[in-house]
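Me: I would like to learn how to read a few features of a protein model. Please take them one at a time.

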Amino acid sequence: MGKASNSAPEVLPEFQKYLLEKQLAPEKNIPFLAYWASRFLTFGRKRDMATGEYNESAIIEFLDMLRADDKILDWQPRQADDALKLYYFNYLGKTRPQLLEAMQAGDVPTTLQEFQRLIRLRHYSYSTERTYMQWCERFLSYALQGDKKLPDLSSKDFKDFLSHLALKQKVAASTQNQAFNAILFLFRHVLAKETDDLGDTVRAKRGQKLPVVFSVEEVKNLLEQMNGLTKLITELLYGSGMRLMEVARLRVKDIDIDANTIFVRSGKGDKDRSTVLPDAVIDGLKEHLGRVKALHEKDLAAGYGEVFMPDALGRKYPNAGKQWAWQYVFPSSRLSVDPRSGKIARHHITDSAIQNAVKEAVRKAKIVKHASVHTLRHSFATHLLQSGVNIREVQSLLGHKNLETTMIYTHVLRNMSNAPKSPLDALYAESRKPEN
């Protein structure tokens, strides 16, 4: 990559000239954008791929190859993706033929199918796919009123919908951000339209809120109300600080019992990290894994036993999905049809099963706080800080990108341990002083 600037004049000079004249990218970035476009074209030629039109499958394979290269930085595949969009949609003026025809005909179902296809090509989780699809449908229903057609959609429609959510629907800030990301995907990847500055859009405001945290005694009481598998999962949630879906998607290979370590793969922000495996769960976890292995062998004997493989690993290692190492630590109790591949498989345990178990335990423990499964993660962080663990280490265990996110627990800790004494207590303390 470092040679791109030196060889810039020889790398797609007309494309570089076009970007410069149209001011589609900062001048210093243009040689690098040309480099990525040139590298993709070479990649396609070597594999006999059609690159004269925008070939989504070839581009996804190219980007996957970049992400798998240890020498490539995290931001470089994103820059390469941007370069190819500029090259095909702007410089060459290409549009996906099937989508162009659907858009001109006002065919919303076909557009939604294309939206779903592109989400799957980018290996988004199934829950994200469903959420994005719902927001896309809501946006199109809102925006395509009267005589307006798909090709007429613009940034104004985008802004109007976000403002509608904030002012009319009164949605929470997190909900509006979810809608924003889904519609941005629609504009950039399906409609191939760039959005104008959205800074003046009315956005739902999110004030700082302190997380709900269990006391150590409350966690103990909570666990006493549980048994079996749900207790083991809850102990892991509190003992490791993992998010709910991180525990649900945990694979056998990602638990290192000897090193007391759990490896979290593709967590929030698609980042890997490691966290602590509590000693207290190891015996129960070993027994549980023995039962899961027996279940897996039974599935294999019945002609099943293959699990979903992340990203492009299923294509690269076609038999890995049946290997023990790749099985879910907490599999579902029943086989089901994978909504994407159509294969019968055993998926991981559902998030609702864990949520319902924790909710019932909170009720039985008579804890009156507005608590959820995520409260266990908040409690993990707060109790570590309370015991003197360095905040940087807590940040690493939680997988927070910014230290400021972890700092919120210091405010909770301060409230728990260093709260100022109430004047009412001082008043009564004064009245209780013995008379001389």
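**Reading the features**

Reply: Ser141 counts as exposed, because its relative accessibility is 54% and the cut-off for exposed is over 50%. This is a predicted model.

Me: In which helix is Ser141 found?

Reply: Ser141 belongs to helix α7, residues 126-143. The C-alpha atom of Ser141 is separated by 9.5 Å from that of Val108, and the two residues are 33 apart along the chain.

Me: At roughly what angle do the axes of α8 and α9 cross?

Reply: Angles over 145 degrees count as roughly antiparallel. The axes of helix α8 (residues 155-167) and helix α9 (residues 173-190) cross at roughly 165 degrees and come within 10 Å. Therefore α8 is roughly antiparallel to α9. The crossing of α8 past α9 is right-handed.

Me: Which residues make the contact between α8 and α9?

Reply: From α8 come Ser155, Phe158, Phe161, Leu162, Leu165 and Ala166; from α9 come Gln176, Ala179, Phe180, Ile183, Leu184 and Phe187. By class, the contact of α8 with α9 has 10 nonpolar and two polar residues, and no charged ones.

Me: What is the order of the strands in the open sheet?

Reply: The order of the three strands is β1-β2-β3, and the pairing is antiparallel. β1 (255-256) and β3 (273-276) are the edge strands; each has a single partner strand, so one side of each lacks a neighbour in the sheet.

Me: Over how many bridges do β1 and β2 pair?

Reply: β1 and β2 (residues 261-264) pair over two bridges, in the antiparallel sense. Asp256 is opposite Thr261 in β2.

Note on methods: Residues are numbered from 1 along each chain as its sequence is written. This is a predicted model: local features need pLDDT of at least 70, side-chain atom pairs count only at pLDDT 80 or more; totals for chains, interfaces and linings use all residues. Side-chain values use heavy atoms; hydrogens and water are left out. Axes are lines fitted to C-alpha atoms, for helices over the stretch in contact, and angles run from 0 to 180 degrees between N-to-C directions. Helices (H or I, at least four residues) and strands (E, at least two) are DSSP runs, numbered from the N terminus. Angles under 35 degrees count as roughly parallel, over 145 as roughly antiparallel, 65 to 115 as roughly perpendicular and the rest as oblique. A crossing is left-handed if the near helix is turned anticlockwise from the far one by less than a right angle, and right-handed if clockwise. Contact means heavy atoms within 4.5 Å. Ala, Val, Leu, Ile, Met, Phe, Trp, Tyr, Cys and Pro count as nonpolar, Asp, Glu, Lys and Arg as charged, and the others, Gly among them, as polar. Two strands pair if DSSP finds at least two bridges between them. Buried means under 20% relative accessible area, exposed over 50%, partly exposed in between (1.4 Å probe, protein chains only).
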